[in-house]
Structure formats: C-alpha cells, structure tokens
Amino acid sequence: MVRRKFYLFAIVSFLIAIVVVSACAPNPRLQLISPNMVVLAEGETFVPPTPTPRPRIAGLSDEEILAGLPQAVVALIPGDAARGLDLTVPHNCIGCHVTDNSLVDVAPTWFEIADTAVGRAEQLALAGPALYLYNSITNPNEHIVGGYTSDVMPLTYSEDLSNQDMADLLTYLLTLRAE
Ligand code: HEC
C-alpha cells in the first residue's frame with residue numbers, strides 16, 4: 001500500500017515537473033528583433049547616429065588648460081612629470097587609482113584623465129581642466145565623481161603636498177591623454 005502511494009506520488013511529481021519545465025521554455029514564436037529597429041524602405045540608406053565627441057585636452061592652449069589655477073602653482077608648471085609619477089607611490093594615489101581603462105571600483109580611473117578633466121571642468125563651469133584636477137586633489141569632497149562616494153579619497157593632500165609637488169603631479173596627470 002505504502003509502495004503504491006509512493007509510485008503514485010512519484011508519477012504525479014514527474015508530471016508536475018514536466019508542466020513547470022515546459023512553461024519555462026522560451027516561446028519560439030517570440031520576436032527576437034527589437035521592435036525599435038528601423039526598417040529601411042527601398043532606396044533609403046542607413047545614417048548612423050553621430051556620437052557626441054569627447055572633449056580633448058589636445059585642442060586647448062596652455063592658458064586655457066591652466067586657467068584659474070593658483071598663481072603659485074602655475075609659476076612652477078611645466079613641472080617634472082617623472083617626479084609627479086613618483087609622488088603617486090608614497091602618497092598612495094595608485095593604491096586607489098589605475099591608469100588603464102580596466103574596470104575599477106575603488107576610484108575613477110586616470111585613463112585619459114586630462115581629457116576627462118576638460119569635460120568635468122565644462123560641466124562644473126570651472127575655468128579649466130588643471131583647476132579641476134587641482135580641486136579634486138586638494139578638496140576631494142567638493143565634487144564627487146558619479147558612482148563614487150565622498151570621504152574615500154584622503155582629505156589631507158592640500159597640507160601634505162607642496163606647490164612643487166602639486167605642479168609635478170598636475171604635469172604628470174596632464175600627460176594622461178588620448179594620442
Ligand atoms: C583611498 C583611495 C584614494 C586615494 C589614496 C586617492 N584617491 Fe583620488 N579619488 C578617490 C575616489 C573614491 C575618487 C572619486 C570620488 C571623488 O570625486 O572624490 C577620487 C577622485 C580623484 C580625481 C578625480 C577623478 C575624475 O575622474 O574626475 C582625481 C584627479 C584624483 N582622485 C587624484 C588623486 C591623486 C593625485 C591622489 C594622490 C595624491 C589620489 N587621488 C589619491 C580615491 C582615492
């Protein structure tokens with residue numbers, strides 16, 4: 001008796017499983033192509049949308065790049081880019097920032113950061129990209145890059161870095177641009 005009940009139970013479970021599995025299967029009649037796709041009439045040619053050009057630092061003059069930066073720092077620019085790069089080690093910048101465009105989550109990448117700074121300065125109505133970089137270092141909480149949180153980047157760099165350090169760091173960061 002117990003055995004028969006067991007078989008009955010097994011068969012019913014099996015049937016229910018089949019119904020559940022078949023309900024989950026994709027509908028082969030479903031339209032896979034997006035309904036938003038444009039169907040071209042005969043004779044029409046496809047014009048791809050023009051991507052918004054990314055702002056580039058290469059098109060700017062030195063005055064435009066350095067506009068708004070404290071005069072004491074401007075006076076030391078161009079600084080020593082190699083020394084600027086060296087400073088990123090003891091000050092631990094590279095503990096959080098990377099210079100390639102791989103996926104990162106600790107801090108925004110420095111990949112083409114000079115070009116990025118041009119766009120951010122425009123958005124924030126700052127005088128120029130060097131000023132944006134300077135503010136990001138000396139006062140990180142003034143503007144928080146989208147997707148990141150405040151109070152992660154140390155707030156001590158305005159004290160820890162001399163004007164010469166700042167000039168060298170900025171000179172280095174301004175070299176990180178598209179070819
Ligand atoms: C503990 C991690 C950490 C360290 C160390 C750090 N940063 Fe950052 N940094 C961040 C984070 C997080 C952000 C994004 C949030 C914000 O805008 O403040 C950021 C933002 C920036 C930005 C703006 C980037 C952009 O895409 O607009 C610059 C420039 C920058 N940091 C430079 C530096 C420099 C230079 C140093 C070293 C002197 C440094 N950071 C050290 C975490 C760090």
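Tutor: Read along the sequence, the protein chain of this predicted model follows the pattern α-α-α-α-α-α-α-α-α, and the count behind that pattern is nine helices and zero strands.

Student: What share of the 179 residues in the protein chain is buried, and what makes a residue count as buried?

Tutor: Buried residues make up 20% of the 179 residues, where a residue is called buried if 20 or more other C-beta atoms lie within 10 Å of its own. Among contacts between residues at least 6 apart in sequence, 67% join residues at least 24 apart.

Student: Why is H9 described as largely enclosed by the rest of the structure?

Tutor: Eight of the 11 residues of H9 are buried, and therefore the helix is described as largely enclosed by the rest of the structure. The buried residues are Met166, Ala167, Asp168, Leu169, Leu170, Thr171, Tyr172 and Leu173, and they pack against helix H3 (71-74), helix H4 (81-87), H6 and H7.

Student: Which residues of H6 are buried, and what covers them?

Tutor: In H6, the buried residues are Ile113, Ala114, Thr116, Ala117, Val118, Arg120 and Ala121, and what covers them includes H7 and helix H9 (163-173). Just after H6, alanine 125 takes a positive phi of about 55°.

Student: What makes leucine 126 partly exposed?

Tutor: Leucine 126, which is found in the loop between H6 and H7, has 18 other C-beta atoms within 10 Å. Buried would need 20 or more and exposed 12 or fewer, so leucine 126 is partly exposed. Leaving aside its neighbours within four places in sequence, leucine 126 is in contact with Gly68, Ala121, Leu131 and Tyr132. Leucine 126 and glycine 68 are 58 residues apart in sequence, and their C-alpha atoms are 7.8 Å apart in space.

Student: Why does asparagine 92 count as exposed, whereas glutamate 112 counts as partly exposed?

Tutor: Asparagine 92, in the loop between H4 and H5, has 10 C-beta neighbours inside 10 Å and therefore counts as exposed, the limit being 12 or fewer. Glutamate 112, in the loop between H5 and H6, has 18 such neighbours and so counts as partly exposed.

Student: What makes the backbone at these two residues worth a remark, and where is there a cis peptide bond?

Tutor: Phi of asparagine 92 is near 65°, and phi of glutamate 112 is near 50°. Most residues other than glycine have a negative phi, and most peptide bonds are trans. A cis peptide bond joins isoleucine 77 and proline 78, with omega of about 5°, and proline 78 lies in the loop between H3 and H4.

Student: How many residues surround the ligand, and what are they by class?

Tutor: The ligand is surrounded by 24 residues, of which the closest are Cys93, Cys96, Ala107, Pro108 and Met153. By class, this shell has 16 nonpolar, seven polar and one charged residues. Helix H5 (93-96), helix H6 (113-123) and helix H7 (129-138) each supply at least two residues of the shell.

Methods
Residues are numbered from 1 along each chain as its sequence is written. This is a predicted model: local features need pLDDT of at least 70, side-chain atom pairs count only at pLDDT 80 or more; totals for chains, interfaces and linings use all residues. A residue is near a molecule or strand if its C-beta atom, placed from the backbone, lies within 6 Å of it. Helices (H or I, at least four residues) and strands (E, at least two) are DSSP runs, numbered from the N terminus. Ala, Val, Leu, Ile, Met, Phe, Trp, Tyr, Cys and Pro count as nonpolar, Asp, Glu, Lys and Arg as charged, and the others, Gly among them, as polar. Two residues are in contact if their C-beta atoms, placed from the backbone, lie within 7 Å.
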